[in-house]
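Dear colleague,

Please find the sequence and the coordinates below, followed by my account of what was found.

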Amino acid sequence: MSASSPHGLLINGEWVSTSQAAPNTNPSNLADVVGEYAQGDASHVDAAVAAATAAFPAWSTSGIQARHDALDKIGNEILARREELGALLAREEGKTRAEGIGEVARAGQIFKFFAGECLRLAGETVPSVRPGIGVEVTREPIGVVGLITPWNFPIAIPAWKIAPALAFGNCVVLKPADLVPGSAWALAEIIHRSGIPAGVFNLVMGRGRVIGEALVQHPGVAAISFTGSVGVGRGIAQACVQNGKKVQLEMGGKNPQVVLDDADLAQAVELSAQSAFYSTGQRCTASSRLIVTQGIYPKFIEALQARMAKIKVGDALATGTDVGPVVSQAQLEQDLSYVEIAKAEGGDAVDQFQRCEVQLICLGTTLVTGGLAALFGTAVHQFASLFA
Ligand SMILES: NC(=O)C1=CN([C@@H]2O[C@H](COP(=O)(O)OP(=O)(O)OC[C@H]3O[C@@H](n4cnc5c(N)ncnc54)[C@H](O)[C@@H]3O)[C@@H](O)[C@H]2O)C=CC1
Ligand SMILES: O=Cc1ccc(S(=O)(=O)O)cc1
């Protein structure tokens, strides 16, 4: 098939169509379908792993200059197309256009950084305790790596994982998040045209329980790198240990922001507002818990509420929007359930809360005050523009 819609899988350097495809919907406007994207099954994982396995001997010995040149070229194209790809990202994920462009630029820089790393591959020689014996430490590729990525950074997190894997001579099967296949597909298309050999990089889109699990269970996959929820990550860790695979996990976090009596009020308010609400709070580094000492508490809360009132929530692509929609209806429902938990755990009031027009999946910005020690006692990674 061609690279046109429905967007196919990339296996062994070929675009592959499937019997199933899924729409990629704009969370700012549910009537806007970004595109149809192929949904693979376990047989596509088998084919992608076989292609990557076949490509591995040549790629892993291809030389650092060839790998540098490929990654540098990919990085340059991403950077040159940052506006277009940033708009696509904002359209499919709901972060604002500026945030989308910033993320795309970051992805381009990541490829260029790892292009540089190809050229300074180093090892170590260390003396042994046994006379006349030397110890040499070298870094070697491990084979085929399966990369499973989340929806909140649809291009930067794939870039974090793909670029170093390729730089050090591994071959890749990427399974992007089902909600946001568009940015990953665009990235795959750029990688495909960069001239890297067929099979070195493969894209298999589809459901986590189908494609993700098939990758994790596949005997031909030497390592898995995963970013996503705690529950899924735990299951992946167990399966990888059982199957003798290397595994790298980045899962939920719960980031508190501490504001002490002697804080610079304006700076503390700005950092808190940016950290909690921008990117719709859908960021591993977002703060979701505020710990404020008593001396500054009243003026801090008042100033934070005034700052929140200025945040414009709306269509991610519209001029002037500060905070775009929540990524999906399911995530919105999860976010709303956290507001209820916060209230049930002793929150006094929901001070700011906006829901947008029918077409928008929006949470708005929410602050729950009071009972701070009790609030969200569980280590929930809430991913909502919500401060408790
Ligand atoms: N630390 C972070 O950056 C992230 C944290 N999260 C947290 O996870 C919550 C839920 O987000 P989800 O998208 O539902 O995360 P998720 O963990 O379900 O999905 C992440 C990736 O894993 C895949 N996946 C799902 N089930 C799988 C399975 N059984 N085996 C292998 N792969 C599987 C998904 O298709 C996706 O590509 C968020 O609300 C947030 O709290 C989500 C994304 C990123
Ligand atoms: O989810 C957390 C996250 C993901 C990506 C980045 S960056 O764009 O690479 O800086 C930051 C935070």
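The notes that follow begin with conventions and then turn to the ligand, the aromatic rings and a number of individual residues.

This is a predicted model, in which local features need pLDDT of at least 70 and side-chain atom pairs count only at pLDDT 80 or more, while totals for chains, interfaces and linings use all residues. Residues are numbered from 1 along each chain as its sequence is written, chains are lettered from A and ligands numbered from 1 in the order in which they are written, and side-chain values use heavy atoms, with hydrogens and water left out.

**Ligand 2**

The residues around ligand 2 are Arg106, Asn152, Phe153, Ala156, Trp160, Arg283 and Cys284; a residue is included if one of its heavy atoms lies within 4 Å of the ligand. By class, this shell comprises 4 nonpolar, 1 polar and 2 charged residues. Here Ala, Val, Leu, Ile, Met, Phe, Trp, Tyr, Cys and Pro count as nonpolar, Asp, Glu, Lys and Arg as charged, and the others, Gly among them, as polar.

Oxygen atoms of the ligand lie close to polar atoms of the protein, as the following distances show:

- Arginine 106 places a polar side-chain atom 2.6 Å from an oxygen atom of ligand 2.
- The side chain of asparagine 152 has an N or O atom 3.2 Å from an oxygen atom of ligand 2.
- In cysteine 284 it is a polar backbone atom that lies 2.9 Å from an oxygen atom of ligand 2.

Ligand 2 exposes 320 Å² when taken alone, and the protein buries 85% of that. Accessible areas come from the Shrake-Rupley method with a 1.4 Å probe; for residues, only the protein chains shown count as cover.

**Aromatic rings**

Phenylalanine 153, one of the residues around ligand 2, has lysine 95 over its face, at 3.5 Å from the ring centre. The criterion is that NZ of Lys or CZ of Arg is within 6 Å of the ring centre and within 35 degrees of the ring normal.

The structure holds 2 aromatic pairs. One of them joins phenylalanine 113 and phenylalanine 114, whose ring centres are 5.0 Å apart and whose planes meet at 85°, so the pair is edge-to-face. Rings of Phe, Tyr and Trp (its six-membered ring) pair if their centres lie within 6.5 Å; planes under 30 degrees apart count as stacked, over 60 as edge-to-face and the rest as tilted. Phenylalanine 113 is partly exposed, at 47% relative accessibility, whereas phenylalanine 114 is buried, at 17%. Buried means under 20% relative accessible area, exposed over 50%, and partly exposed in between (1.4 Å probe, protein chains only).

Most residues other than glycine have a negative phi. Serine 279, however, has a positive phi near 55°, and threonine 280 has a positive phi of about 55°. Helices (H or I, at least four residues) and strands (E, at least two) are DSSP runs, numbered from the N terminus. Serine 279 is buried, at 7% relative accessibility, and threonine 280 is buried too, at 2%.

Within helix H9 itself lies serine 272, which is buried with a relative accessible area of 0%. Its side chain makes a polar contact with the side chain of glutamine 257, at 3.3 Å. Such a contact is a pair of N or O atoms within 3.5 Å; within protein, one must be able to donate a hydrogen and the other to accept it, and residues adjacent in sequence count only if both atoms are side-chain atoms.

**Other buried residues**

Serine 328 is located in the loop between helix H10 (297-309) and helix H11 (329-344). It is buried, at 12% relative accessibility, and its side chain reaches the backbone nitrogen of glutamine 331 at 3.1 Å.

Lysine 175 belongs to strand S8 (residues 171-175) and is buried, at 3% relative accessibility. Its C-alpha atom is separated by 9.9 Å from that of glycine 40, 135 residues apart along the chain.

Leucine 88, in helix H3 (residues 82-93), is buried at 19% relative accessibility.

Yours sincerely
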